[in-house]
Amino acid sequence: MKEKSVKIGLVQLSCGAEPQKNLENTIAAIRKAAGAGAQILCLQELFQSLYFCDVEDYRNFSLAEKIPGTATEVLGRLAEELGVVIIASLFEKRAEGIYHNTTAVLDADGRYLGKYRKMHIPDDPGYYEKFYFTPGDLGYKVFSTAYGKLGILICWDQWYPEAARITSLMGAEILFYPTAIGWHQSQDGATNEEQYQAWQTIQKAHAVANGVPVVAVNRTGVEGDMQFWGGSFVTNAFGKVLYQAPHLEEQVEVVEVSLTQSDSYRTHWPFLRDRRIDSYQPLLKRFLDED
């Protein structure tokens, strides 16, 4: 099989209170990555604003926008100019009172290909997303772009092997996870390290189990009581970490990923072949007790 690879641009930035400034910084980072050869650019979760879900504040709904809308128009023109695919995480206003955590995909010719709405919505201290976001209702999505078939999931989706499996079975050649996750500043170093390793390990396992590369792009910087932990990374189709960004610094990086290794790994480690789909019906229950 002829080798096929793609160059992935990771945009790991810190954010401020001014959405326009965040957008300008992100555009500059996209240009930098494209100049270094990136073909697919993945932005961090909710890149246009501070991570507002650390509080429940009705004023934050004013940050939301229609998709497609102004942001996708701006990024679509940029994608066409640079000949790159852009994966953009946005706060979507679907209708009055209905909001989603959504990722839009712009193809290399500037076309808006569609959106994925975050399926798994957390509600934890510092991550009050259920206050803002209606759970996704579009199902899992794969986008056929100029540089490959991309599976898009978002942050909390990272912890669910079912989401990665379904998206892979739909034909995704790479799984992308725009992310916003960090450490509370009161935590000790051992706790921080344990959390980061768990976060990376579960995603490496998605690569192994499905035979596809995984790309996770997180934000960095201090916001309120949270130190976002950066650490954006890329694995190959067997979970080997090809690149990991620093934790406390902004980083724009380009990483080349093979799209042909999946065939070899899936052949030698035939997890998909040996799936017992006839035995998985219990997964449709919340918990396997008498109720």
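By the ring-pair rule, the count comes to 27 aromatic pairs (rings of Phe, Tyr and Trp, the last by its six-membered ring, with centres within 6.5 Å; planes under 30 degrees apart count as stacked, over 60 as edge-to-face and the rest as tilted). The model is predicted: local features need pLDDT of at least 70 and side-chain atom pairs count only at pLDDT 80 or more, whereas totals for chains, interfaces and linings use all residues. Residues are numbered from 1 along each chain as its sequence is written, and side-chain values use heavy atoms, leaving out hydrogens and water.

Both residues of this pair belong to helix α4 (residues 189–210), where they are three residues apart and thus separated by about one helical turn. Helices (H or I, at least four residues) and strands (E, at least two) are DSSP runs, numbered from the N terminus. Tyrosine 196 is buried at 1% relative accessible area, and tryptophan 199 is buried at 0% (buried means under 20% relative accessible area, exposed over 50%, partly exposed in between, with a 1.4 Å probe and protein chains only).

Next, select tryptophan 269 and phenylalanine 271, whose ring centres lie 6.2 Å apart with planes at 45°, so this pair is tilted. Tryptophan 269 is partly exposed at 45%, and phenylalanine 271 is partly exposed at 34%.

Then display Phe52, Tyr58, Phe61, Phe91, Tyr99, Phe131, Tyr132 and Phe133, which form one aromatic cluster.

Move to serine 232, in the loop between β14 (226–229) and β15 (233–235). Serine 232 is buried, with 0% relative accessibility. Its side chain makes a polar contact of 2.7 Å with that of glutamine 12 (a pair of N or O atoms within 3.5 Å; within protein, one must be able to donate a hydrogen and the other to accept it, and residues adjacent in sequence count only if both atoms are side-chain atoms). Beyond neighbours within four places in sequence, the residues in contact with serine 232 (heavy atoms within 4.5 Å) include Leu10, Val217 and Tyr243.

Finally, select helix α3 (residues 161–169), whose buried residues are Ala163, Ala164, Thr167 and Ser168. Viewed down the α3 axis, these residues fall within an arc of 125°, so they line one face of the helix; the arc is that of the directions from the helix axis to the C-beta atoms. They pack against β8 (142–145), β9 (148–152), β10 (174–179), α4 and α5 (261–268). Just after α3, glycine 171 has a positive phi of about 105°.
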